[in-house]
Amino acid sequence: MIDYNKIIQKYDTPLFVYDISKLEERVNYLKSKFNKEYNMVYAVKANTFVIKEIDPLVERFEICSPGEFEICEKLKISRNKMVISGVNKDKIFIENLISNYDDILKYTIESYNQFLLLDELSNKFNKKIHVLIRLSSGNQFGVSEEDFIKIIGENKNLIIDGIEYFSGTQKHSLKIIEKELDHLKEFINNIELNYNIKIEEVEYGPGLPVFYFQDNEFDEDTYLDELNKIIGKFNEKVVSLEIGRSMVASCGSYLTKVVDLKENKNGNFVILDGGINHLVYYGQTMAMKIPFYEIIPKREVEEVTYNLCGSLCTTNDYLVKNIKINKLMLNDVFVFKNTGAYSSTEGIALFLSRDLPKIILVKDEKEVVVRDNNKTSLINYPNYDMEEVWKD
Ligand SMILES: Cc1ncc(COP(=O)(O)O)c(C=O)c1O
């Protein structure tokens with residue numbers, strides 16, 4: 001258990017705290033719920049600050065941009081654990097990878113043009129490239145069934161290991177998942193039968209749900225047992241599970257301090273030093289739901305109904321509306337839980353040029369700052385010689 005009192009005394013808010021013991025426990029729990037033969041793939045987009053800590057626990061990393069690759073390289077993640085995925089595979093980036101590195105595990109194919117690019121580069125550099133073709137669920141990602149078949153028909157140079165499928169995050173309905181996977185299995189059977197190809201591997205993103213709000217009820221153990229049974233239909237294949245949110249959400253807390261308190265005809269307003277620029281809960285619309293939180297220090301006083309707002313100049317900057325809690329004082333700190341996935345990157349962090357929150361990792365009483373509260377004013381600054389540039 002993290003001693004937030006100690007953390008608050010040492011670090012300014014707003015602040016993200018990632019609890020590494022909790023993270024390890026969580027990943028091990030997820031692993032224990034699935035067939036142990038399955039590869040665990042961490043989708044690094046969910047949180048790039050804990051990649052190194054997750055490394056010993058997973059078989060692969062799903063990397064979707066040159067930036068994510070750069071981060072993994074700097075962290076010395078083994079390239080034969082990297083799956084280079086995502087839309088917009090920049091030619092210069094991919095050419096650089098293919099020409100310089102033989103040890104990248106795999107690439108995904110997200111379009112017919114990506115197929116042409118990988119095929120061309122594989123031929124040009126005479127390199128054996130392993131690929132997974134991503135089948136679309138009907139959005140901008142992956143290829144249609146028709147393009148999938150066209151690709152396998154035209155392929156000369158690439159080693160097609162299998163198929164990738166991800167149809168969205170926060171998937172609550174096992175019925176919908178089962179229907180999708182039945183269709184996927186039927187599609188695989190058809191192409192194996194008709195196109196003389198063996199699909200050895202299914203890399204599947206189940207979009208495991210995280211329950212962020214106090215009114216949610218979720219029997220996760222049963223859900224995962226059922227899901228494991230459904231995925232079991234692919235057991236004769238190599239199964240790889242791409243997971244982001246569910247691995248990392250629970251390890252994160254976001255700490256933000258009360259910097260002002262006021263009342264008007266519409267209620268009591270709390271101004272916190274961090275708002276929607278850093279705190280993003282999936283499904284939190286109009287701040288109507290109550291996330292999991294604690295307040296430090298705890299006080300036994302009368303209850304008051306508050307609106308919790310951040311420090312941005314927008315009326316959208318509500319974290320929670322109409323929450324009844326013990327009367328607050330300036331400098332009280334909210335600890336918002338389950339903020340380890342996406343929250344530190346999905347917010348509108350550059351708006352209003354406020355400094356970024358520090359990020360610290362905590363494990364066994366030790367902590368380390370992994371990102372300082374960098375100044376966004378440097379990023380939002382027009383960096384040119386204003387005396388010189390418009391002169392005739
Ligand atoms: C291809 C792919 N795989 C896996 C994930 C991770 O999803 P989640 O965070 O819901 O586990 C994503 C998220 O966008 C994705 O695009």
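Biologist: How do you know that Gly 67, Glu 70 and Lys 74 of helix 4 are exposed?

Modeller: By counting. A residue is exposed if 12 or fewer other C-beta atoms, placed from the backbone, lie within 10 Å of its own, buried if 20 or more do, and partly exposed in between. Gly 67, Glu 70 and Lys 74 fall in the exposed class. This is a predicted model, where local features need pLDDT of at least 70 and side-chain atom pairs 80 or more, while totals for chains, interfaces and linings use all residues. Residues are numbered from 1 along each chain as its sequence is written.

Biologist: Which residues of helix 4 are buried?

Modeller: Glu 68, Phe 69 and Cys 72, within residues 66-74. A helix here is a DSSP run of H or I, at least four residues, a strand a run of E, at least two, each numbered from the N terminus.

Biologist: Why do you say that they line one face of the helix?

Modeller: Seen down the axis, the buried residues fall within an arc of 100°, so they share one face. The arc is taken from the directions from the helix axis to the C-beta atoms.

Biologist: What do the buried residues of helix 4 pack against?

Modeller: Helix 3 (51-54), strand 3 (60-63) and strand 4 (82-84). After helix 4 comes Lys 76, with a positive phi near 60°.

Biologist: Which residues is Leu 350 in contact with, beyond four places in sequence?

Modeller: Thr 376, Ile 379 and Asn 380. Contact means C-beta atoms, placed from the backbone, within 7 Å. Leu 350 and Thr 376 are 26 residues apart in sequence, yet their C-alpha atoms are 6.0 Å apart.

Biologist: Which members of the largest nonpolar core touch the most others?

Modeller: Tyr 42, Val 50, Phe 61, Val 131 and Ile 133, of 90 residues. The domain bounds come from an automatic or database assignment.

Biologist: What does Ile 133 touch, beyond four places in sequence?

Modeller: Ile 109, Val 143, Phe 148, Ile 151, Ile 160 and Ile 163.

Biologist: How many residues do the domains bring into contact?

Modeller: 6 of domain 1 meet 9 of domain 2. The C-alpha centres of the two domains lie 36 Å apart.

Note on methods: Two residues are in contact if their C-beta atoms, placed from the backbone, lie within 7 Å. A nonpolar core is a set of buried Ala, Val, Leu, Ile, Met, Phe, Trp, Tyr and Cys residues joined through C-beta atoms within 7 Å.
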